[in-house]
Amino acid sequence: MHSSTSSSSSSIFANYPLISAVVAFAVAQSIKFFTTGFKDKRWDPNQLIGSGGMPSSHSSTVTALATAIGFHYGFGGPPFAIATILACIVMYDAIGLRLQAGRQAEVLNQIVCQLPAEHPLAASRPLRELLGHTPPQVMAGGLLGLVIAAIGYLIVR
């Protein structure tokens, strides 16, 4: 376990990789909020915390974390390797499993809408359809995370 002699360096607010990841998430979610608001002409606060859409906040978060860890601890060490593998798994999951689950939810919602009113499932709440991401959404999120971590590195350096 690593111990620090300086109380300020052990502060969560001095944790550059963590701050980079949180900022990347917040920026990505804000971009989704504003682009959806302008596109749909309605402001949906759920966009600030919801999944799916452009850019992928999951991808921006894990890419910023991995990049910041690389800058802070070095790109050749185990912390960067762990963060990079985590980022790859999260992004693969967003494009694969979660995207397919969202598409299945869309089909199931269409089926439920066509059920007769007396069917027990006819009144069920619709499933969330926007779960995963397309490859361009994941790539945009990854690029955003990389840029935010690089900017953070230049600031704390």
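In the predicted model, serine 20 is buried, with a relative accessible area of 3%, a value that falls under the 20% limit for burial. Serine 20 has its place in helix 1, which spans residues 16-40. When residues up to four places away in sequence are not counted, serine 20 touches Ala64, Ala68, Ile148 and Ala149. Serine 20 and serine 60 are separated by 40 residues in sequence, whereas the distance between them in space, from C-alpha to C-alpha, is 9.6 Å.

The protein chain contains 5 helices and 0 strands, and its pattern, read along the sequence, is α-α-α-α-α. Of the 157 residues of the protein chain, 32% count as buried. Among contacts in the protein chain with a separation of 6 or more, 68% are accounted for by residues 24 or more positions apart.

Two packed helices are described by the angle between their axes and the distance between the axes. Helix 1 packs with helix 2 (residues 57-73) at an angle of about 155°, and the axes of the two are 8 Å apart. Since angles over 145 degrees count as roughly antiparallel, helix 1 and helix 2 are therefore roughly antiparallel to each other. The crossing in which helix 1 passes helix 2 is right-handed. To this contact helix 1 gives Tyr16, Pro17, Ser20, Ala21, Ala24, Phe25, Ala28, Gln29 and Lys32, while the residues of helix 2 that take part include Ser57, Ser60, Thr61, Ala64, Leu65 and Ala68. By class, the residues of the contact of helix 1 with helix 2 divide into 12 nonpolar, 6 polar and 1 charged.

The packing of helix 1 with helix 5 was examined in the same terms. The axes of helix 1 and helix 5 cross at roughly 135° and come within 9 Å; helix 1 and helix 5 are therefore oblique to each other. Helix 1 passes helix 5, too, in a right-handed crossing. On the side of helix 1 the contact is made by Tyr16, Ser20, Val23, Ala24, Val27, Ala28 and Ile31, and on the side of helix 5 by Leu144, Gly145, Ile148, Ala149, Gly152, Tyr153 and Val156. The residues of the contact of helix 1 with helix 5 comprise 11 nonpolar, 3 polar and no charged.

In soluble globular proteins, nonpolar side chains tend to be buried together. In the present model, the largest nonpolar core has 8 residues in all, namely Tyr16, Ala24, Ala28, Ala64, Ala68, Leu144, Ile148 and Ala149. Helix 1, helix 2 and helix 5 (135-156) are the elements that give two or more residues to this core. Apart from this core lies another, of 5 residues, among them Ala87, Met91, Ala94 and Val138. Tyrosine 16, a member of the largest nonpolar core, touches Ala68, Phe71, His72, Ala149, Gly152, Tyr153 and Val156, again not counting residues up to four places away in sequence. The partners of serine 20, namely Ala64, Ala68, Ile148 and Ala149, are likewise listed among the residues of the largest nonpolar core.

Definitions and conventions:
Residues numbered from 1 in each chain as written. Predicted model: local features only at pLDDT ≥ 70, side-chain atom pairs only at ≥ 80, totals over all residues. Heavy atoms only, no water. Helix = DSSP H or I, 4+ residues; strand = E, 2+ residues; numbered from the N terminus. Buried < 20%, exposed > 50% of the residue type's maximum accessible area, 1.4 Å probe, protein only. Contact = heavy atoms within 4.5 Å. Axes fitted to C-alpha atoms, helices over the stretch in contact; angles between N-to-C directions. Parallel < 35°, antiparallel > 145°, perpendicular 65-115°, else oblique. Left-handed = near helix turned anticlockwise from the far one by under 90°. Nonpolar A, V, L, I, M, F, W, Y, C, P; charged D, E, K, R; others polar. Core = buried A, V, L, I, M, F, W, Y, C linked by side-chain atoms within 4.5 Å.
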